[in-house]
Amino acid sequence: MDYQEAIDHIAAGVPIARIAQEAGVPEVEIRRARLDPSSKFYLSPPSSWKRLLAQLAAERAAALQNLATELESEAESSGV
(Lines give C-alpha, C1' and ligand atoms only; values in the text may rest on other atoms or scores of the structure.)
Protein backbone atom coordinates (compact mmCIF):
# COMPACT_ATOMS: atom_id res chain seq x y z
CA MET A 1 0.00 0.00 0.00
CA ASP A 2 1.38 3.40 -0.88
CA TYR A 3 1.15 6.66 1.06
CA GLN A 4 -1.69 8.13 -1.01
CA GLU A 5 -3.78 4.96 -0.65
CA ALA A 6 -3.22 4.89 3.13
CA ILE A 7 -4.17 8.57 3.47
CA ASP A 8 -7.30 8.00 1.35
CA HIS A 9 -8.37 5.14 3.62
CA ILE A 10 -7.87 7.18 6.79
CA ALA A 11 -9.54 10.32 5.42
CA ALA A 12 -12.56 8.49 4.05
CA GLY A 13 -15.47 8.78 6.40
CA VAL A 14 -18.99 7.49 6.15
CA PRO A 15 -20.72 9.39 3.34
CA ILE A 16 -24.06 11.08 3.97
CA ALA A 17 -25.53 8.90 1.21
CA ARG A 18 -24.61 5.74 3.16
CA ILE A 19 -26.11 7.11 6.37
CA ALA A 20 -29.32 8.00 4.52
CA GLN A 21 -29.46 4.56 2.91
CA GLU A 22 -29.01 2.79 6.25
CA ALA A 23 -31.61 5.06 7.88
CA GLY A 24 -34.05 4.49 5.04
CA VAL A 25 -34.53 8.20 4.37
CA PRO A 26 -33.59 10.51 1.50
CA GLU A 27 -30.10 12.04 1.70
CA VAL A 28 -31.60 15.53 1.92
CA GLU A 29 -33.27 14.60 5.23
CA ILE A 30 -29.89 13.71 6.75
CA ARG A 31 -28.42 16.96 5.47
CA ARG A 32 -31.34 19.00 6.82
CA ALA A 33 -31.09 17.30 10.22
CA ARG A 34 -27.53 18.64 10.45
CA LEU A 35 -28.71 22.25 10.15
CA ASP A 36 -29.12 24.56 13.09
CA PRO A 37 -32.49 23.79 14.72
CA SER A 38 -33.50 27.43 14.34
CA SER A 39 -33.27 27.16 10.55
CA LYS A 40 -36.60 26.95 8.75
CA PHE A 41 -35.11 24.05 6.73
CA TYR A 42 -34.20 21.98 9.80
CA LEU A 43 -35.65 18.49 10.17
CA SER A 44 -35.36 16.28 13.24
CA PRO A 45 -32.91 13.41 12.80
CA PRO A 46 -34.22 9.88 12.28
CA SER A 47 -35.48 8.38 15.55
CA SER A 48 -32.89 5.58 15.51
CA TRP A 49 -29.93 7.85 14.73
CA LYS A 50 -27.83 6.95 17.79
CA ARG A 51 -28.02 3.21 17.18
CA LEU A 52 -27.42 3.67 13.45
CA LEU A 53 -24.39 5.92 13.89
CA ALA A 54 -22.98 3.64 16.59
CA GLN A 55 -23.17 0.73 14.15
CA LEU A 56 -21.55 2.73 11.34
CA ALA A 57 -18.84 4.00 13.71
CA ALA A 58 -18.07 0.42 14.81
CA GLU A 59 -17.78 -0.66 11.17
CA ARG A 60 -15.46 2.27 10.45
CA ALA A 61 -13.36 1.51 13.53
CA ALA A 62 -12.94 -2.11 12.39
CA ALA A 63 -11.89 -0.95 8.92
CA LEU A 64 -9.33 1.43 10.43
CA GLN A 65 -8.02 -1.32 12.71
CA ASN A 66 -7.56 -3.57 9.67
CA LEU A 67 -5.69 -0.74 7.91
CA ALA A 68 -3.42 -0.24 10.92
CA THR A 69 -2.64 -3.95 11.06
CA GLU A 70 -1.85 -4.03 7.33
CA LEU A 71 0.43 -0.98 7.53
CA GLU A 72 2.24 -2.33 10.60
CA SER A 73 2.78 -5.64 8.83
CA GLU A 74 4.12 -3.91 5.72
CA ALA A 75 6.42 -1.72 7.84
CA GLU A 76 7.83 -4.77 9.64
CA SER A 77 8.41 -6.70 6.44
CA SER A 78 10.14 -3.76 4.77
CA GLY A 79 12.27 -3.00 7.82
CA VAL A 80 11.02 0.57 8.13
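Me: In this predicted model, how close do the axes of H2 and H4 come, and at what angle do they cross?

Reply: Two packed helices are described by the angle between their axes and the distance between the axes. Here the axes of H2 and H4 come within 10 Å, and they cross at roughly 130°. Angles over 145 degrees would count as roughly antiparallel and those from 65 to 115 as roughly perpendicular, and H2 and H4 are therefore oblique to each other. As for handedness, the crossing in which H2 passes H4 is right-handed.

Me: Which residues of H2 and H4 meet?

Reply: On the H2 side they are Arg18, Ile19, Glu22 and Ala23, and on the H4 side they are Leu52, Leu53, Leu56 and Glu59.

Me: What span should helix H4 have, and how far apart are its end C-alpha atoms?

Reply: Helix H4 takes in residues 49–78, and because each residue is counted at 1.5 Å, its 30 residues should span 44 Å; the C-alpha atoms at its ends are 43 Å apart, which agrees. Just after H4 comes Gly79, which takes a positive phi of about 75°.

Me: Which residues of H4 are buried, and against what do the buried residues of H4 pack?

Reply: An α-helix has 3.6 residues a turn, so residues three or four places apart point the same way. In H4 the buried residues include Leu52, Leu56 and Leu67, and the buried residues of this helix pack against helix H1 (3–11) and helix H2 (16–23).

Me: Is Ala6 buried or exposed, and which residues is Ala6 in contact with once its neighbours within four places in sequence are left aside?

Reply: Ala6 is found in helix H1, and because a residue under 20% relative accessible area is taken as buried, Ala6 at 9% relative accessibility falls into that class. Leaving aside its neighbours within four places in sequence, Ala6 is in contact with Met1, Leu67 and Leu71. Its C-alpha atom is separated by 38 Å from that of Ser39, a residue 33 residues apart from Ala6 along the chain.

Me: How should I read Glu70 in helix H4, and what is its relative accessible area?

Reply: Glu70, which lies in helix H4, has a relative accessible area of 36% and is therefore partly exposed. The C-alpha atoms of Glu70 and Arg32 are separated by 37 Å, with the two residues standing 38 residues apart along the chain.

Definitions and conventions. Residues are numbered from 1 along each chain as its sequence is written. This is a predicted model: local features need pLDDT of at least 70, side-chain atom pairs count only at pLDDT 80 or more; totals for chains, interfaces and linings use all residues. Side-chain values use heavy atoms; hydrogens and water are left out. Helices (H or I, at least four residues) and strands (E, at least two) are DSSP runs, numbered from the N terminus. The expected span of a helix is 1.5 Å times one less than its number of residues. Buried means under 20% relative accessible area, exposed over 50%, partly exposed in between (1.4 Å probe, protein chains only). Contact means heavy atoms within 4.5 Å. Axes are lines fitted to C-alpha atoms, for helices over the stretch in contact, and angles run from 0 to 180 degrees between N-to-C directions. Angles under 35 degrees count as roughly parallel, over 145 as roughly antiparallel, 65 to 115 as roughly perpendicular and the rest as oblique. A crossing is left-handed if the near helix is turned anticlockwise from the far one by less than a right angle, and right-handed if clockwise.
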